[in-house]
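Please open the structure in your viewer and keep the selection tool at hand.

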Amino acid sequence: MNKVKKRILLVLLAILAVILVALLVFFGVYFTRIQTIGSMEQLTDYADGYNLYRMDVKYDYSLDDIIDYGIKDDQTMIDAILKESLPLLPVKIKAPSFGCTAFTLTDTDGDVHMGRNYDFRKDTSAMLVYCAPKDGYKSIAFAALDNVSANVPDENIKKKLASLTAPFICLDGMNEKGVSIAVLTLDSEPVHQNTGKPVISTTLAIRLVLDRAATTEEAVELLRSYDMFASSGRDYHFYITDASGDGRVIEYDINGEPRELIDTPSEAITNFFIRHKDKVLPNQKNDIYGHGRERYDAVLKVFEDEKGNYTSDTVWNAMKSAAQDPDPDAITSNTQWSISYNNTDLSADIVIRRHWNDVTHCDLESKVTTPSK
């Protein structure tokens, strides 16, 4: 073999070695991500194509690495999420908006419940996400798959990969300590604190609370340790409940700078500042103070009507009273899912888009999911 052929052979061997190393690195990074994709399961089968799915997150993630990326705006938030969930791959997602109703009650057996309607005018499939981080609490949570253009997540590899971002785009959930959280949109200017603390965005705050808070009080203190960036050009507040029934609305003061975090005990909340509910009238916009007072009033009326005899049916009656049909002119219309979280026995019952007779049950501890019939 002459020198030229030897050199060509050596170059080819070097190229093959580089390819082999790259494949080994890629496989090492994506092995547990492939396992996560393999756990995906469709739980409902509706003719319109918008369904409930479940997924067990088997890959290790670092929430701190996402936050340390340096979130300044929607794009850096998305870049940070993609770097953690889909390293080495070019995938795009968009920042979501969120409507809704949430409330807390304790039934006659002593079980604490959080009821949650997720309202958004654009139809979406939902992903039930099971997480068990090594350095955090186990949890179940729900992501709107339309926000990652994956309403049929098992349709192709691109949508399967996009679904791997689900842990970081969840809109509500509950952890093994019985802490549940939901995000709801407001009509005010988006909060963007800048006090020198690490910056956290809306859905990452949900993951933070689910992974690390054992009580509502711990959740509040966790959120106080970060500057909040409200993503997608909208403002938000959070509703948090724990196994003791401590339900609070977490808001960023609209009448102050630097939009200080304020927590207010409340039985329920919709899309207005609970601290300024005296300025909010039903069935109308109320400038920066928000809307949805009629849904809040409807929930409290159910509570009053059934006072002294609260059961799991009370939760569903309250959610039904506040559920909304589609309205193309209202961003917080069209109830996409309704969930009754049981913060005591760590289970949840889910209904997709007002199919009230089709209830899917899931259990956090056993990870058993019973699809609707």
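**The whole chain**

This is a predicted model, in which local features need pLDDT of at least 70 and side-chain atom pairs count only at pLDDT 80 or more, while totals for chains, interfaces and linings use all residues. Residues are numbered from 1 along each chain as its sequence is written, and side-chain values use heavy atoms, with hydrogens and water left out.

Select the protein chain and colour it by secondary structure: it has eight helices and 20 strands. Helices (H or I, at least four residues) and strands (E, at least two) are DSSP runs, numbered from the N terminus. The chain has 373 residues, of which 57% count as buried. Buried means under 20% relative accessible area, exposed over 50%, and partly exposed in between (1.4 Å probe, protein chains only). Among contacts in the chain with a separation of 6 or more, 65% are between residues 24 or more positions apart. Contact means heavy atoms within 4.5 Å.

Select residues 293-305, which form helix α7. The 13 residues of α7 reach 18 Å from the first C-alpha to the last, close to the 18 Å expected at 1.5 Å a residue. The expected span is 1.5 Å times one less than the number of residues.

Which residues of α7 are buried? They are Arg 293, Arg 295, Tyr 296, Ala 298, Val 299, Val 302 and Phe 303. An α-helix has 3.6 residues a turn, so residues three or four places apart point the same way. Now display what covers the buried residues of α7: this includes the strands β3 (101-106), β4 (112-119), β14 (268-269), β15 (271-272) and β16 (290-291), as well as helix α8 (312-322).

Keep α7 and α8 on screen together. Two packed helices are described by the angle between their axes and the distance between the axes. Here the axes come within 8 Å and cross at roughly 150 degrees. Axes are lines fitted to C-alpha atoms, for helices over the stretch in contact, and angles run from 0 to 180 degrees between N-to-C directions. The two helices are therefore roughly antiparallel to each other; angles under 35 degrees count as roughly parallel, over 145 as roughly antiparallel, 65 to 115 as roughly perpendicular and the rest as oblique. On the side of α7, the contact is made by Arg 295, Ala 298, Val 299, Val 302 and Phe 303, and on the side of α8 by Thr 314, Asn 317, Ala 318, Ser 321 and Ala 322. By class, this contact has six nonpolar, three polar and one charged residues. Ala, Val, Leu, Ile, Met, Phe, Trp, Tyr, Cys and Pro count as nonpolar, Asp, Glu, Lys and Arg as charged, and the others, Gly among them, as polar.

Next, select α5 (residues 202-212) and α6 (residues 216-224), whose axes come within 10 Å and cross at roughly 135 degrees. These helices are therefore oblique to each other. From α5, Ala 205, Leu 208, Val 209 and Arg 212 make the contact, and from α6, Glu 218, Ala 219, Leu 222 and Leu 223. Six nonpolar, no polar and two charged residues take part.

Move to Thr 215, in the loop between α5 and α6. Is Thr 215 buried or partly exposed? At 28% relative accessibility, Thr 215 counts as partly exposed. Apart from neighbours within four places in sequence, Thr 215 is in contact with Val 179 and Asp 242.

**Single residues**

Select Glu 84 in helix α3 (residues 74-85). Glu 84 is buried, with a relative accessible area of 14%. Not counting residues up to four places away in sequence, Glu 84 touches Arg 33, Tyr 59, Asp 60, Tyr 61, Ser 62, Asp 65, Ile 66 and Phe 168. Glu 84 and Ile 66 are 18 residues apart in sequence, and their C-alpha atoms are 6.6 Å apart in space.

Continue to Leu 184 in strand β8 (residues 180-186). Leu 184 is buried, with a relative accessible area of 0%.

Finish at Arg 353, in the loop between β18 (347-352) and β19 (360-363). Arg 353 has a phi near 40 degrees, a positive value in a residue other than glycine. Arg 353 is buried, with a relative accessible area of 7%.
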